[in-house]
Amino acid sequence: MKSTLTTHTGFRFEVRRANPEDEPLVAEFFTHVTPEDLRFRFLGAVREVSHERLVAMTRSDDPHIHNFLALSTDGMPIAAATLAADPADRRGEVAICIREDRKHLGVGWEFLGYIARYADDHGIETIESIESRENRAAIEVERDMGFTVTTDSDDPTLVLVQRKLGAKLAGQSLPSG
C-alpha cells in the first residue's frame with residue numbers, strides 16, 4: 001500500500017514498504033547519499049552499503065521489522081527508513097536516510113511523521129533513534145516534531161531521541177477517541 005505525502009515546500013512523494021525486488025533500487029539510492037550521512041545512518045565508517053545490509057533493508061521475515069522507501073513521483077528512491085521494534089512491540093528504533101539532492105525539501109519531516117503514525121497504528125509504545133551528536137539537522141527535526149532528546153549515558157558523542165505512543169507531533173492535532 002502506497003501513501004502520497006506532500007511537504008511544506010509542496011514536494012510530493014510516495015511512501016511504501018520495501019520488498020526484495022527493491023534491492024537494486026536501494027543500492028542505487030545509497031550512491032546518492034553523502035559519506036557523512038552514511039556515517040550518521042549506520043553510526044560508523046561505511047563507504048558502501050553491503051549486500052547483507054541491503055538484504056536487511058528490503059527483506060524481512062520478522063514481523064517487528066518494517067522497511068520503507070520514499071519515492072519521487074517518477075519512481076526514483078529519495079529516502080529509506082527502517083523501524084525495528086522489540087519482540088513485544090514496546091520500543092522501536094527508527095533510522096532514516098535521505099538522498100543528498102532531496103534534502104531541505106521537508107522529506108525528512110514528512111517521512112518521520114509517517115513512521116511515527118505507523119508506529120502509533122501498530123501500538124509501538126516508544127520510538128527512538130540513536131543519533132550522532134554531530135547530526136544536528138536530524139536532531140533539530142526530531143526535537144521540532146516533539147521528540148525528547150537526551151544524552152546517551154554510555155557514549156557522550158551520541159544522543160537518544162524518543163517519542164511516546166500517541167504523543168502529539170508538532171504541526172498536527174492528536175487523533176480523537
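In the predicted model, 45% of the 177 residues of the chain count as buried. The accessible surface of the chain amounts to about 9600 Å², and carbon and sulfur atoms account for 51% of that area. Contacts between residues at least 6 apart in sequence were also examined; of these, 59% join residues at least 24 apart.

The secondary structure of the chain consists of 5 helices and 8 strands. Along the sequence, these elements are arranged in the pattern β-β-α-α-α-β-β-β-α-β-α-β-β.

Strand β1 comprises residues 3-6. Ser3 and Leu5 form the covered face of this strand, whereas Thr4 and Thr6 lie on the uncovered one. Strand β1 runs antiparallel to strand β2, which spans residues 12-17, and the two strands are joined by 4 bridges. Within this pairing, Leu5, a residue of the covered face of β1, stands opposite Phe13 in β2. The hairpin formed by β1 and β2 has 5 residues between the strands. In this hairpin, Gly10 adopts a positive phi near 90°.

Helix α3 extends over residues 51-58. Its buried residues are Leu54, Met57 and Thr58. When the helix is viewed down its axis, these buried residues fall within an arc of 90°, and they therefore line one face of α3.

Definitions and conventions: Residues numbered from 1 in each chain as written. Predicted model: local features only at pLDDT ≥ 70, side-chain atom pairs only at ≥ 80, totals over all residues. Heavy atoms only, no water. Buried < 20%, exposed > 50% of the residue type's maximum accessible area, 1.4 Å probe, protein only. Pairing = 2+ DSSP bridges. Arc of directions from axis to C-beta. Contact = heavy atoms within 4.5 Å. Areas by Shrake-Rupley, 256 points an atom, 1.4 Å probe, with all protein chains shown as cover.
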